[in-house]
Amino acid sequence: MISINTRKKLISRLLQQNRKMDICVHGNSMNPLLKDGDKITIFIADEVKPGNIVLWARKNGLGILLHRVIAEYEGVYITKGDNLKTLDYPITRDDIMGIY
């Protein structure tokens, strides 16, 4: 099995080379906008602001998420799945691999 850190490095490298990447959505956290099985294009994130949907890796190595940025303060971002009630823990720009 490929580790999350290896996946993050691979995705980041592909985005740097091609500026975009097609992925398949897994899960329902972004319903109704994005559904399980949807194919979407992720772009390199030149700028990140509230309202953007970002692809980021959990620091604990337990997954890669595609959630909406709901707040930003001094380079710290709060994200949340549209279909979820709870917020994700704060992330930084270094955690963000790409933007939808």
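Trainee: How many helices and strands are there in the protein?
Mentor: Keep in mind that this is a predicted model. From the N terminus on, the order is α-β-β-β-β-β-β-β. Tally that up and you get one helix and seven strands.

Trainee: What radius of gyration does the protein have, and why does it agree with a compact globule?
Mentor: Start with the span of the C-alpha trace, about 30 × 30 × 25 Å along its principal axes. A compact globule of 100 residues would have a radius of gyration near 13 Å, so the protein agrees with its own value of 13 Å.

Trainee: Which share of the residues in the protein is buried?
Mentor: Buried here means under 20% relative accessible area. Of the 100 residues, the share that passes that test is 37%.

Trainee: How many residues of strand S3 are buried?
Mentor: Take S3, residues 53-57, side by side. Ile53, Leu55 and Ala57 point one way, Val54 and Trp56 point the other way, and all are buried. That leaves S3 mostly covered, with the buried count at five of its five residues.

How values were computed
Residues are numbered from 1 along each chain as its sequence is written. This is a predicted model: local features need pLDDT of at least 70, side-chain atom pairs count only at pLDDT 80 or more; totals for chains, interfaces and linings use all residues. Side-chain values use heavy atoms; hydrogens and water are left out. Helices (H or I, at least four residues) and strands (E, at least two) are DSSP runs, numbered from the N terminus. The radius of gyration is taken over C-alpha atoms; the globule rule is 2.2 Å times the number of residues to the power 0.38. Buried means under 20% relative accessible area, exposed over 50%, partly exposed in between (1.4 Å probe, protein chains only).
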